Amino acid sequence: MKHPLLYTLILLLIGTTPTALFPEEFSTTYGNIAETLSSLSDPNTGLTIFPLLSIPIGGEYQAMGTAYTALTRHASFIDANPAASAALPLTELALYHNDWIADTNIEGVVYTIRFDDLGIGAAGKFLYVPFTQYDAWGNRLATGYYSETVIGFNVAYNFFSSYDFFGIAAGITPKIAIRSIPSVFYADQSALAFMADIGILTKVNFLKFYSSRNRNLSFGLVIKNLGIEILAPTKEPLPTALTTGLGYSPIRPLTIAFDFTLPFNLIPDVPAEAPFYATGVALTLTDFLTMQTGLLLKGGNPRISMGTLFTMKDLSIQTTYVLDMTTQFVPLDRLSVNLTLNLGDNGRAALQAEVDRYYLQALEAYARGDLETTIALCEKALALDPDFTPARKTLLLAEESRELQKRMLELQQIEG
C-alpha cells in the first residue's frame, strides 16, 4: 500500500474503518508520523488544571482549528473572544455535543443576544468520564463520573461604531469552573476556580473585491482564563493565555483566519506551555452550505479539523471531525454536532431596509431637483439611524443647494 493516508481519508468519507482493512499499513504510517512529531513535543504540557478550559466546545470554532479570535459569525465565539457578542448578527441558542476521546464527552449550551452595540450572553459546558473502581480481585466496588463544569456570563459593547467605522468592541466573560471527583474514588480532589476572558475586536476594509457593508479584515486580542483556583488539593495554574487573531475575506465566499497563542502562568514556579498556532478556512458554497477546515499546531500533536455547516431559515447544523494523534477509529470519536436556533436580529435588518428605502427615495428626489422632498426623506432616514452617513451627506448637500437657490433668487430680484 503506497498511499495509506490517502486511502484513510477515502475510507473515512465512505464510513469504513481504515484499521479494519489496512491494519499494518495504517499502524506503520501512524507510528511514523508520531515519531516525526516527537521532536515538537512540549514538556510543559499538562501542568495546568481544568482541561475543559482548553477543549473546544465545538461548532465553527472547532472546525476552523480554533482560529476564531477575530471572527463574529456564530455562538461558538464564546470560547474565542468575549468581545464578539457586540457584533454578532443574530440572537442564537446553540446546543453542542462533542465525542472527545474514548468515553469522554462534552455537552454545551450558549445563548447570546445583541441590542445595537450591546451584546450579552451565557454559556455552560460539561465534561464527564464514566469511572469504575475495582478491588485487587476484579470485583466492582463503585461507579461514578469524573466531571468538569464551566459556566460563564458574557457582556460586550462596541465603542465608537458608525457607518464609516466598525468601532472597537470590548467584552468580558467571567467564568466559574468546578471539578468533581467522588470521594469514594479519591477523597479531597474536587476543585473550584474563578476566572475571566477579556477581549477586544475591530474591523476594517482592505483589498476588498466585492460590495458589502461588512468589513472584510478583522483583528482580535484576548486574555483567556485569567484567574485563580480557590479550592484545590494542590496549587495548579489555570491554562491562562494571550491570543491574537486575524480574519480576512478577500472575496465574499472565502474567510481565512489565523491565531497565535502565548500561554503564561500566574504561578511563577510552574513553567508555561510553548506558544502555538492555529489557522482555518471557511468556504461558503451556497446560501445554505459552508465547509470549513483548520489546523492547530500545538506541541507534538497537530490537530486537523473538518466541518460542514448547513443553514436553514431558523436552524443551522454544524458537524465537525477532528484528527490528531489521540483520535480513535474504533469506536469513532472526535466527532461533534452543533444545533443552533436562529431567534432573529431584534429588527435590525428591517430597520436598515427602511433607512435604505428613505435614502434611495431621497436620491431620486435630488436627481429631479426636488430639494424639499430630498431634505424631508433624509431627515426620516436619520431619525431611524443617526449614524447613517450617506443620508447626512446628502442632507447637507441638499440644504446647501437650497440655500444657493435662495441667494440666486434674491440676486435676480435685486437686479430686476
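**Close-up views of a predicted model**

**View A. The largest nonpolar core.** The largest nonpolar core of this predicted model holds 27 residues, and those with the most contacts inside it are Met64, Tyr68, Phe77, Tyr96, Val110 and Leu201; such a core is a set of buried Ala, Val, Leu, Ile, Met, Phe, Trp, Tyr and Cys residues joined through side-chain atoms within 4.5 Å, where buried means under 20% relative accessible area and exposed over 50% (1.4 Å probe, protein chains only). At least two residues of this core come from each of β1 (92-99) and β10 (276-284), and β10 gives the most, with three residues.

**View B. Helix α5 and its two sides.** Arg348, Val355, Tyr358, Tyr359, Ala362 and Ala365 of α5 are buried. On the other side of α5, Ala350, Ala367 and Arg368 are exposed. After α5 comes Gly369, with a positive phi near 85°.

**View C. Packing of α5 and α6.** The buried residues of α5 pack against β2 (105-115), α6 (371-384) and α7 (389-415), contact meaning heavy atoms within 4.5 Å. The buried residues of α6, including Leu371, Cys378 and Leu382, pack against α5 and α7.

Residues are numbered from 1 along each chain as its sequence is written, and side-chain values use heavy atoms, without hydrogens and water. In this predicted model, local features need pLDDT of at least 70 and side-chain atom pairs count only at pLDDT 80 or more, whereas totals for chains, interfaces and linings use all residues.

Definitions and conventions
Helices (H or I, at least four residues) and strands (E, at least two) are DSSP runs, numbered from the N terminus.
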